[in-house]
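Subject: A structure to look through, with notes

Dear colleague,

I am handing over the structure that I promised you, and my notes on it follow below. Please keep it open beside this message while you read.

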Amino acid sequence: MFKIGSRTVKTAIGTALSIFIAQSLQLANYASAGILTILCVQTTKKKSLQTSKERFLACVLVIGFSAVFFSVLGFSPWVVGLLLLIFIPTVVAFKLQQGIVTSSVILLQFYIEEQLTWALVWNQLSLITIGIGVAFLVNFYMPSLDSSMYELQRKIEEQLKKLLQSMAKALENESDDVDLFKEHLTEIRTLIEKGKALSFRDVENHVLRHENPFYNYFSMREKQFVVLERSVILLNRIRGEYVQEEMTATFLRELSEHVHPGNTAHFYLMKLYQMQHEFESMPLPKSHQEFQSSAALVQFVREMIHYLEIKSHFSGLPQMEKKTKPVKRQPKRA
């Protein structure tokens, strides 16, 4: 499907603006400003700031290298090759490797002109400033990712709810579909990976902010996911019809109805601790099979405690802002 992203729009606008400014100032090779803008438009603000700095410094550095090499050795393809042979390792050593391509544009302009005058150096510095500066400015518009992250959060919790309900059915011996568990787990893993990538991108779009509540949320769900994977394996070892299984299944159904980004884990942790205490007071298993099943169930409850403990350390997500129409108050009736 044909789609134009925000980065494409910014690249198009920035390139046109760079060329317009350079052409208006009657700079030679004004199209180079547009090329520099195309090379400098990035996906995030932090990356834009970092690459703009690296590219600018690399371009300034290549002017110095060009002045020395071309003045001493003249203008020939072999001099260009020798210059790059020394220039590229130097740029890498100074951790300015993002600027190799952009500085090469400036280097080749000097080679084409076959001269190195102050007027030409000033022209190139102006092109660098315009091209990189415009790219940096247009990069400071980044569309909000909040709605996409809220949608991923909603989908993860929907899948968690389904998985917990499927686990409850398995404990009640109503269903034991291993493929269904795999389907839920695969979907949850995919959604978490997408969420972490998107939230990390959002962190990169805030220059002065190093944390994101969504990134913490998706990381928390990732840790819970590992626990759920172990819990699903334990279900295959729980066989029989015991009161403990019914109690655990009831708890899972209740928990599935309260999966949300807020923090009510402490309430359900207390219920699990109480359920653990009740299990300890029940009669011991009479057969080897009952013992294995009971041990697996006890371990399953411990895993669910760990699942909730992970959530208990999460402070919650901010509420999504919704635009609502003001409600007209009706006059009270006597």
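Predicted model: local features only at pLDDT ≥ 70, side-chain atom pairs only at ≥ 80, totals over all residues.

In these notes, helices (H or I, at least four residues) and strands (E, at least two) are DSSP runs, numbered from the N terminus. Residues are numbered from 1 along each chain as its sequence is written, and side-chain values use heavy atoms, with hydrogens and water left out.

The secondary structure of the protein consists of twelve helices and zero strands. Of its 334 residues, 42% are buried, where buried means under 20% relative accessible area, exposed means over 50%, and partly exposed lies in between (1.4 Å probe, protein chains only). If we look at contacts (heavy atoms within 4.5 Å) between residues at least 6 apart in sequence, 80% of them join residues at least 24 apart.

Ser 166 belongs to helix H7, which covers residues 146-171, and it counts as buried because its relative accessible area is 11%. Apart from neighbours within four places in sequence, Ser 166 is in contact with Leu 180, Phe 181 and His 184.

Ser 71 sits in helix H3 (residues 45-73), and it counts as exposed because its relative accessibility is 58%. When residues up to four places away in sequence are not counted, Ser 71 touches Ser 66 and Leu 116. The C-alpha atom of Ser 71 is separated by 8.7 Å from that of Gln 115, although these two residues are 44 residues apart along the chain.

Next comes a pair of helices. Two packed helices are described by the angle between their axes and the distance between the axes. Helix H2 (residues 31-40) packs with helix H6 (residues 118-138) at an angle of about 35°, and their axes are 8 Å apart; here the axes are lines fitted to C-alpha atoms, for helices over the stretch in contact, and angles run from 0 to 180 degrees between N-to-C directions. On the H2 side the contact is made by Ser 32, Ala 33, Leu 36, Thr 37 and Cys 40, and among the residues of H6 that take part are Leu 127, Ile 128 and Gly 131.

Cys 40 is buried, with a relative accessible area of 1%, and Cys 59 is buried at 0% relative accessibility.

Finally, two loop residues deserve a look. Most residues other than glycine have a negative phi. Lys 95, in the loop between helix H4 (77-93) and helix H5 (100-113), has a positive phi of about 60° although it is not a glycine, and Lys 95 is exposed at 64% relative accessibility. Glu 114, in the loop between H5 and H6, is not a glycine either and has a positive phi of about 55°, and Glu 114 is exposed, with a relative accessible area of 52%.
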